[in-house]
Amino acid sequence: MTDGHPAVGDTVHDPARDRVGMVMGHVGPYLQLRPLAGGREWDADPNRVRPLTPAELLSARVSEANTRSRTALGLRGRLIA
């Protein structure tokens, strides 16, 4: 974080969307966040986002890895019993 605002590469929680994202840049007054698994960026208010705790970051990265694994196996959206 720089000057109280997240820096590019920081992982934050956006309460407006209840999503976790990585800071990709700053455009005007907004941060550009991207999901950890990749995908479409969204704008977030830099004054409302917060950095993740170490436990939240670990959980988010495990979730992203699980999603990537399911997608690679062709199981996206399917539950395995």
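This talk walks through the fold of one protein, from its overall plan to a few individual residues.

Good morning. Please keep in mind throughout that what we are looking at is a predicted model.

I shall begin with the overall plan. The protein has 81 residues, and 26% of them are buried. Reading from the N terminus, the order of elements is β-β-β-β-β-α. The accessible surface amounts to about 5,600 Å², and carbon and sulfur atoms account for 53% of that area. As for contacts between residues at least 6 apart in sequence, 32% of them link residues at least 24 apart.

In which order do its five strands lie? The order is 4-3-2-1-5, in an open sheet with antiparallel pairing. Strand 4 and strand 5, the latter covering residues 50-51, are the edge strands, and each of them pairs on one side only. In general terms, the strands of a sheet pair through backbone hydrogen bonds, in either a parallel or an antiparallel manner.

Four bridges connect strand 1 with strand 2, residues 19-27, and the two run antiparallel. Strand 1 is also joined to strand 5, again antiparallel, by two bridges. Valine 12 illustrates both pairings: glycine 21 of strand 2 stands opposite this valine, and so does proline 51 of strand 5. The hairpin of strand 1 and strand 2 has four residues between the strands, and there aspartate 18 adopts a positive phi near 50°.

Which way do the residues of strand 1 point? Thr11 and His13 point one way, Val12 and Asp14 point the other way, and all are buried. As a general rule, side chains in a regular strand alternate between the two faces of the sheet.

Threonine 11 belongs to strand 1, which spans residues 11-14. Why does threonine 11 count as buried? The reason is that its relative accessibility is 11%, whereas the cut-off for buried is under 20%. Beyond its sequence neighbours up to four places away, threonine 11 touches Val20, Gly21, Met22, Leu36, Pro51, Leu52, Leu57 and Arg61.

The largest nonpolar core is made of seven residues, namely Val12, Val23, Leu31, Leu33, Trp42, Ala44 and Val49. Strand 3, residues 30-34, and strand 4, residues 42-44, are the elements that contribute two or more residues to this core. In soluble globular proteins, nonpolar side chains tend to be buried together. Tryptophan 42, one of the core residues, has contacts with Asp14, Arg17, Arg19, Val20, Gly21, Leu31, Gln32, Leu33, Arg34 and Pro35, with residues up to four places away in sequence left out.

For contrast, consider arginine 40, in the loop between strand 3 and strand 4. Arginine 40 counts as exposed because its relative accessibility is 74%. Apart from neighbours within four places in sequence, arginine 40 is in contact with Leu33 and Pro35.

Finally, the helix. Helix 1 comprises 19 residues, 54-72, and from its first C-alpha to its last it reaches 27 Å, close to the 27 Å expected at 1.5 Å a residue. After helix 1 comes glycine 74, with a positive phi near 75°.

Notes: Residues are numbered from 1 along each chain as its sequence is written. This is a predicted model: local features need pLDDT of at least 70, side-chain atom pairs count only at pLDDT 80 or more; totals for chains, interfaces and linings use all residues. Side-chain values use heavy atoms; hydrogens and water are left out. A nonpolar core is a set of buried Ala, Val, Leu, Ile, Met, Phe, Trp, Tyr and Cys residues joined through side-chain atoms within 4.5 Å. Buried means under 20% relative accessible area, exposed over 50%, partly exposed in between (1.4 Å probe, protein chains only). Contact means heavy atoms within 4.5 Å. Accessible areas come from the Shrake-Rupley method with a 1.4 Å probe; for residues, only the protein chains shown count as cover. The expected span of a helix is 1.5 Å times one less than its number of residues. Two strands pair if DSSP finds at least two bridges between them.
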